Amino acid sequence: MTFERNILCIGAGYVGGPTMAMIAYRCPRYRVTVVDVNREKIDQWNSDDLPIYEPGLDEIVRAVRGKNLFFSTDIPKAIEENDIIFVSVNTPTKNYGVGAGMAADLQFWEKTAREILKYSKSPKIVIEKSTLPVKTALAMERILNSNHHGIAFDVLSNPEFLAEGTAVRDLTNPDRVLIGSEETERGLCARNILVEIYANWVPRERILTSNIWSSELSKLVSNAFLAQRISSINAISALCEKTDADITEVSRAVGTDSRIGPKFLNSSIGFGGSCFKKDILNLVYLCRHYGLTEVADYWEGVLKINDYQQDRFVLTMIDAMFNTLSGKKICVWGFAFKADTGDTRESPAIRITKRLVEENALVIVSDPKALKNARADLRGLEDRVSFVEDPMEAVKGCHALCVLTEWDLYRHQDFEAVYASMAKPSFLFDGRNILDHGKCFRIGFNVYPIGKPPMTHFQ
Ligand code: UDX
Ligand code: UDX
C-alpha cells in the first residue's frame, strides 16, 4: 500500500510514543515511524509490555502497530525515507558549564539535527516537539541549511501539551494544537501541511498558528502558569495550617470565580514531573540572559515554594512524631509524580523519602506502577528503604503512613484494617488530601492533612 504521507518521530519517550500512536490511529492514510537510540525501549514498543504506562495507550498501539505505525532503531534509513520529521528527544536541564542547573541541554537536539542533515537526500519539514528555549528553531534551521547539496529544510515548532496519565484523552481532544513557523511563503506552506495532519481529528478552530518564537515561548509560559497555580495554592496551605482555614474550602471559593476557574487548585506536597521545574528554570535563565532580573526572580519563586512545600511536609512529620523519626518505620503510599503513571521524574516523593532516610527512618515504599523507577531513584539507600507493591502489606507494623500520590486505589483501602496493623500511636500524613480524614480520625489515626488543622488524639 502506498501512503499519502511518511511521518517520522525521533525519540520514543513519553511524548513521542503516544503522540505518534495517535497520529497513526487517526490517520490510516499516513505511515508513521518512531525511532530511538535506545534499543531496549524500541523492543518494548514492539512488545505487549510498552515502555510507559498510560491508560488507553495499549489499545491504540495494538490497533495500528505493524499496519501504519512502526518502531525501529534504524535512524539513518528512517530519515532518508520520511519527509516530515518530528523531534522529541529529551532536553534536560544542563548539568555542566555555562547555565548549569538552569538552561536546557541541547546536545541531543543538535546531534539529532546533524543526523537529519547527514542522512537527508530530499527536502524535509522538521518539527520541534521537545520543549526548547526560545529561538532554538532558528539555530536548528541554520544547522540544517548549512548543507552544500541544496536540500531545503523548514523548521516548525509544535509543542506538546499532553499531561501524563491522561495522554490519550489529551491527544484525542486537545484544548489546542499550536504550530509556529517562519512567516515566509515557505514557512507558511510547511505550517499548512502540519495543520492538515492535525485537522484529521482536531477541529480547525483549535489549531492555533503563530510565529515560531511565540510558539516556543507559549509552551514554557503555559507550564509556568500551571506550576504557578500549584505554588500559589500551596503557599496558602501553609497559612491555612496556622489558622483555622481549610485549603479545600478556600480552593473551592476561589476557583468558582469564573475568571480563575477550578482546575489545578489542589494543594499537595508539590508538583513533580519532567516539565514544570525544567521549563521554569529555562524561563528564569532566559529572563536573566536578557537582564530581566525582577521577572526571573518572580518565576523562581514558584520553584522555591515547591521545595518549601516538600520540606514543610517532612518537618510536620518530625514535629508530630515527637521530634524524632529515628528507627521508626514509615510507609509511603505512592511514588509516581502523579496518579495513573509509572513516571517518577522530579517526583516530590524522591525528595521526601530521602529526607526521611536522613532522619534515620526506615521507609517502605509502595506504588502500583512506579516501583521499578522508585528503585532506580533510591539506588544506594537499600539498607533503609524497601519496596512492597501491596499497600496493606507495606503498611504493616509502621508508625506512620504518608500518602504521596493520589492513586484512586488508596481511597478504597480498609482503614480499620490499616489502623489495626500499624504501631501505636498511628500517624497518617495525607500529602494529597484524598482520604476521608474525619473517618480516619474516628478509627484512631492522628491525621495530618495539607492546609487543614490536624486531627489528633493527644491532649
Ligand atoms: C521529551 C522532552 O524531555 C521534553 O522537553 C519535551 O517537551 C518532549 O520530549 P519525554 O518524551 O518525556 O519528553 O522524554 P523521554 O521520555 O526522555 O524521551 C526522549 C527519548 O529520546 C528517549 O527515549 C531517548 O532514548 C531518545 N533519544 C534521546 C534519542 O532517540 N536520541 C538522542 O540523541 C537522545
Ligand atoms: C504538565 C502539563 O500539564 C502539560 O500540559 C505539559 O505538556 C507537560 O507538563 P504533567 O507534568 O504530565 O503535565 O502533569 P500535570 O497533570 O500537569 O501535573 C504536574 C504535577 O502537578 C503533578 O505532580 C501533580 O500531582 C501536581 N498537581 C497538579 C498538583 O499538585 N495540584 C494540582 O491541582 C494539579
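## Helix H13 and the sheet

Helix H13 (residues 348-358) lies across S9, S10 and S11 and runs at about 155 degrees to S10. Contact here means that the C-beta atoms of two residues, placed from the backbone, lie within 7 Å. Axes are lines fitted to C-alpha atoms, for helices over the stretch in contact, and angles run from 0 to 180 degrees between N-to-C directions. Helices (H or I, at least four residues) and strands (E, at least two) are DSSP runs, numbered from the N terminus.

The model is predicted: local features need pLDDT of at least 70, side-chain atom pairs count only at pLDDT 80 or more, and totals for chains, interfaces and linings use all residues. Residues are numbered from 1 along each chain as its sequence is written, while chains are lettered from A and ligands numbered from 1 in the order in which they are written.

## Strand order and pairing

An open sheet is formed by six strands in the order S11-S10-S9-S12-S13-S14, with parallel pairing. Strand S11 (385-387) and strand S14 (446-448) are the edge strands, each pairing on one side only. From one strand to the next, the twist averages 20 degrees. Two strands count as paired if DSSP finds at least two bridges between them.

Five bridges link strand S9 (residues 329-333) to strand S10 (residues 362-366) in the parallel sense, and Cys331 stands opposite Ile364 in S10. Strand S12 (residues 400-403) is joined to S13 by four bridges, again parallel, with Ala400 opposite Phe427 in S13. S13 and S14 also run parallel, joined by three bridges; Leu428 has Val447 in S14 as its bridge partner.

In strand S13 (residues 427-430), Phe427 and Phe429 point one way, Leu428 and Asp430 point the other way, and all are buried. A residue is buried if 20 or more other C-beta atoms lie within 10 Å of its own, exposed if 12 or fewer, and partly exposed in between, with C-beta atoms placed from the backbone.

## Ligand 1

The shell around ligand 1 holds 23 residues, of which Gly11, Gly13, Tyr14, Val15 and Thr131 come nearest. A residue is near a molecule if its C-beta atom, placed from the backbone, lies within 6 Å of it. Helix H5 (residues 107-119) gives the most to this shell, with three residues. By class, the shell has seven nonpolar, eleven polar and five charged residues. Ala, Val, Leu, Ile, Met, Phe, Trp, Tyr, Cys and Pro count as nonpolar, Asp, Glu, Lys and Arg as charged, and the others, Gly among them, as polar.

## Ligand 2 and Phe271

Ligand 2 is surrounded by 19 residues, the closest being Ala163, Asn266, Ser268, Phe271 and Gly273. Eleven of the shell residues are nonpolar, five polar and three charged. Helix H9 (residues 212-242) gives the most, with three residues. The shell draws at least three residues from each of domain 1 (5-202) and domain 2 (226-459).

Phe271 lies in the loop between helix H10 (247-255) and helix H11 (276-289). Phe271 counts as buried because it has 27 C-beta neighbours inside 10 Å. Not counting residues up to four places away in sequence, Phe271 touches Ala227, Ile230, Phe276 and Asn306.

## Domains

The domain assignment of the chain gives domain 1 (5-202) and domain 2 (226-459); such bounds come from an automatic or database assignment. The centres of domain 1 and domain 2, taken over C-alpha atoms, are separated by 34 Å. Their contact takes 14 residues from domain 1 and 16 residues from domain 2. The side of domain 1 that touches domain 2 has nine nonpolar, four polar and one charged residues.
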